[in-house]
Amino acid sequence: MSVASFGGVHAAQELAPVLPDLSGTWAVLQVSAQIGAVPILGERPRNGTSLALSVVAQGGTRLHGTESACSTTLDLGTSLVTMEIPAAFIASLPATQWDAELSWTGVAWRFERPWVTTVNGAVLADPLNDPLPTSPDDPRVVDQDGDGKPGLTVRITIIGFISGEVYVVQRDRSRLVGTVVSADAIDGLLEWTSEQSVLGASSSAFLGGTAARLDPVPEHSFFRARRVAAATTCTDLVAAAALIFGR
């Protein structure tokens, strides 16, 4: 009697897992838990939440994505100060190319997207290592959002009626590691770093903010990815985000 016929499957033999097909269009939510300075109020916890659409191609366990930003919102942990990322800021962000790998852990498929670096508001010869510009006169600075101001423009409102702008250059790095929950869902943790250089402001009152640093609790920064229809637009995603991500 063969081993295979005795009890159906050898005790030491595991069934090969079915590789999920993740090709298609995905809505991606990223929440970065931060600690950063708020003008006038000083340091406090805050969260950044971004929505994006990724078009994913798959070859075996390798994935390649083209990701387009749809929105970014900031919760500064206080109702006294709000920080708005204008639509022109988001529209100016180039699509991000990324690669990822699937691996079987014995109980689930692991999704890992290695570090991706983006620089906005400046063009650097070495995006990973060159220091960010600190002056609007630096020739590497570009008016990326096309509003006539150096770098990218962020709007700040204090106590509901004092408004102004801050002009920044940013370098962001992120890594995603998670689990394929189903063929339509991936959940995991977001690792990230952020640098920001303030080039100027409409008033000195708005120069008190600094780039955020990572919340020390890793689980506070996370991502969720959900498969959506290929025709989904950023407008669709922003309107239906609570339904798509269940939050």
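Is Phe161 buried or exposed?

## A residue at the surface

This is a predicted model. In it, Phe161 is exposed, because its relative accessible area is 63% and the cut-off for exposed is over 50%.

## A cavity inside

Now turn to empty space. Rolling a probe the size of a water molecule over the atoms shows where such space is left. A search of the whole structure finds one cavity of 30 Å³ or more. The volume of the largest cavity is about 130 Å³.

Which residues line the largest cavity? There are 14 of them, and Val28, Trp98, Phe111, Ile186 and Ala225 lie nearest its centre. Five elements are named as giving two or more residues to this lining: strand E1 (24-38), strand E2 (42-59), strand E3 (62-75), strand E6 (109-120) and strand E11 (222-228). By class, the lining has eleven nonpolar residues, one polar residue and two charged residues.

## A residue in strand E11

Val228 lies in strand E11. Is Val228 buried or exposed? Val228 is buried, because its relative accessible area is 15% and buried means under 20%.

How does Val228 relate to Val28? The two are 200 residues apart along the chain. Their C-alpha atoms are separated by 9.9 Å. Val28 is also one of the residues nearest the centre of the largest cavity.

Terms used. Residues numbered from 1 in each chain as written. Predicted model: local features only at pLDDT ≥ 70, side-chain atom pairs only at ≥ 80, totals over all residues. Heavy atoms only, no water. Buried < 20%, exposed > 50% of the residue type's maximum accessible area, 1.4 Å probe, protein only. 1 Å grid on protein atoms, 1.4 Å probe; cavity = no way out; pocket = protein on both sides within 12 Å on 5 of 7 lines; lining within 4 Å. Points joined across faces, edges and corners; volume = space filled by probe spheres on them. Helix = DSSP H or I, 4+ residues; strand = E, 2+ residues; numbered from the N terminus. Nonpolar A, V, L, I, M, F, W, Y, C, P; charged D, E, K, R; others polar.
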